[in-house]
Amino acid sequence: MSTAAADETVRIFELRDARSVPDPIYPYSDSLRGTPLIIDNGSHHCRVGWATDKEPRIIFRNCYAKHRKDRGKKIAAETEILVANDIVNIEAVRFQLKSPHDENVVTHFEAQETMFDYIFSHLGINTPQVDHPVILTEAFCNPNYSRQLMSELLFECYGVQSVSYCVDGLLSYHHNNPTSQDGLLVNIGNCTTHVIPILNGFADPGSSRRIRIGGSHLIRFLWRWLQLRFPQHLNAITLSRAEEILHHHMYIAEDYMEEVQSWSVVDHYEQHVRRIQLPFVAAPVSTVSVEQQRERRKEAARRLVELNAKKREEKLVEDEAELTRLVELEEAMEEFTPDEPEYQHALEEAQVTSLADLTKKISLLQHKIVKTRHKMMQAATAAPEEEEPKPKRMCEDVSPKKKADLEQWVEDVKQQWRDIQARRAARRHKRQEMAKRRTAASQERMRIISQLARREKKDDNFGMRDEDWDVYKAINKEGGGSDSEEENEKLQELESALRQHSPEFLGDSTASKPTSLAENYQIELSTEQIRIGELLFQPYMYGLEQGGITATMQYVLSLFDPPTQDRLVANVFLTGGLSSLPGLKSRIERELLATRPFQSYFSVNIAKDPVLDPWYGVQGCVAELLEQGLTRADYMEHGGDRIKHHKYGNQFWAPLTPVAPESAPESTVPSKETTPAPEAVLLTGDLTQEFSGDCTSN
């Protein structure tokens, strides 16, 4: 193996675990009044800013959580709403997160109102109403009902001047292709992936297709995959860390099957495997000397003696007070006869049944007081012991008995160290073999399990004998055991002795290096680097009966004639957060080369900034979007779902009005205004079958 490859094998990647920083509240000046407000309302992140800004002022995760203070106390807990970047540690409230989106469509408008309050307050808007035009992104083929509720929220609750709706993928396309009127847009979002043909500058929703897989599905798949592969780090592998690993360590294989085969070669594995260092807390190393430890023990013993003496004094005072009370009751009972009520009342107060019991109780209490005073006198006159107790040793003493036996003793210690390392390596190798499906160890494990699970057995007595434990260790995926604390202590003791008497042994390159604590908190990424990105091209690996990106592109192209296909593939444009994965462009180029006619031309391009290009795209066409926006007058006259058609947004399709059969003429043909056009449909099943055009979007 070359030097560069050797360096790659020891390279460790650290996790950043970036924490969100609360957004500041920006000042609101008079110069901003009437300035259009741009809101890229994505299902994962929201980007907000004024139309005059060069970059978005606020970028935050589009979610919030209700956090209860003083949880578990009897008093009523106060609820605190943490919105967006106010959530410093998102994993602490992961299961309390709420989002306005259901997949990529806004459906929870109470949550959306919370997000709007966060946006307007942090932009410093201090007017009773938001007296600004709003440019808002929405999902492709967004349902009319969702748009209507969004317009109602903005006009009725916030009193905005106008609302302009546009699609993030179309904005990114026109921002990067200002002169290209034809192309095939592939928008890989957080929850969905859209394949949209664009002709003459306008999207064709009837020929568009949607795949219900996106970045969130890949993150969850990677999260569960790593948890199942490394169960010992179950709690350390979180969704946030899986998201970071996806964006920094995954790539798209140009030829998936060929790449998988190459990972079976040992040299390729050692050169390309990535080791991720999980965070851990090392055990604190004591720097206290022996004399300091002895003084601390003496101080602790002295404080314990003082505490016991104080408790004895407090108990002696209580007993003396109780004795005085009982003696007074006994003297008072002598003046009454047993039949008088005062006599019975005295017995009840003394908690006894007769005068004899009271006398016995007084005698025992006097004896207890005398005994306590005697102990106090002994403790006051006793001298402190100077001799320290010998500490308990958990492991056997490792030291040479005689000078003449030093060399033999060192060899014995080395052999013990080698035996422990060999046992550890064997367990590690067996765990790796158990994780694979076609190894001899895994097949032997399945053979034993199948014998234990045979239905012919009448009585299931497995576990009743001591020999069954050996069978359990043979089929255990952990290799029959793990590194115990006693073994670790023994190994540390042997290494300490070797450093003193044979330091060159641990420094020898031929000897096996001991496993450090950090190595126990590392995970290895091998085929996961290409397996996760492959879900975009083979969604059935995730459990979705849908075609992948290239299969969907091939089907969409088949809906057009050959000249139109050539116009579309001349500019295949990739955008969305996951379009920045390495290898995506070359993979799509390879797939198009295999499916397109011989010597035909095609071109694949990626957005310059797949995340912020939609926001920048709004800045380049603010005037046009404001002109095509929905004003308050339009909202009052036509409703909140009506929009004007432009190349940056969706097309409005009026719902079909039901007509009574007896009143409808036979020759009536629905007009284009009242006939719903086919929108993006799900691509499922066989790609060769005919697709009907009456499937609804989303």
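Trainee: How many helices and strands does the chain have?

Mentor: In this predicted model, the chain has 23 helices and 21 strands. Of its 698 residues, 41% are buried.

Trainee: Which residues of α2 and α3 meet?

Mentor: From α2, Phe-109, Gln-112, Glu-113 and Phe-116 take part. They meet Ser-146, Leu-149, Met-150, Leu-153, Leu-154 and Cys-157 of α3. By class, this contact has seven nonpolar, two polar and one charged residues.

Trainee: How do you know that the end-to-end distance of α9 agrees with its number of residues?

Mentor: Helix α9 (residues 290-333) has 44 residues, which at 1.5 Å a residue should span 64 Å. The C-alpha atoms at its ends are 64 Å apart, so the two values agree.

Trainee: Which residues of α9 are buried, and what covers them?

Mentor: The buried ones are Leu-316, Asp-319, Leu-323, Leu-326, Leu-329, Glu-330 and Met-333. Their cover includes α10 (341-350) and α11 (355-381).

Trainee: What makes Ser-164 count as buried or exposed?

Mentor: Buried means under 20% relative accessible area. Ser-164 has 2% relative accessibility and therefore counts as buried. This residue is in strand β11 (residues 162-167). Leaving aside neighbours within four places in sequence, Ser-164 touches Val-134, Ile-135, Leu-136, Leu-625, Leu-626 and Gly-629.

Trainee: Where is Leu-630 relative to Ser-164?

Mentor: Leu-630 is 466 residues from Ser-164 along the chain, yet their C-alpha atoms are separated by 6.0 Å. Across the chain, among contacts between residues at least 6 apart in sequence, 71% join residues at least 24 apart.

Trainee: Why is Glu-103 called partly exposed?

Mentor: Glu-103 has a relative accessible area of 24%, so it is partly exposed. Glu-103 is in the loop between β8 (101-102) and β9 (105-106). Its phi is near 60°, a positive value in a residue other than glycine.

Trainee: Is Cys-141 buried or exposed?

Mentor: Cys-141 has 5% relative accessibility; that is under 20%, so Cys-141 counts as buried. Cys-141 lies in the loop between β10 (134-138) and α3. Its phi is positive, about 60°, although Cys-141 is not a glycine.

Definitions and conventions:
Residues are numbered from 1 along each chain as its sequence is written. This is a predicted model: local features need pLDDT of at least 70, side-chain atom pairs count only at pLDDT 80 or more; totals for chains, interfaces and linings use all residues. Side-chain values use heavy atoms; hydrogens and water are left out. Contact means heavy atoms within 4.5 Å. Helices (H or I, at least four residues) and strands (E, at least two) are DSSP runs, numbered from the N terminus. Ala, Val, Leu, Ile, Met, Phe, Trp, Tyr, Cys and Pro count as nonpolar, Asp, Glu, Lys and Arg as charged, and the others, Gly among them, as polar. The expected span of a helix is 1.5 Å times one less than its number of residues. Buried means under 20% relative accessible area, exposed over 50%, partly exposed in between (1.4 Å probe, protein chains only).
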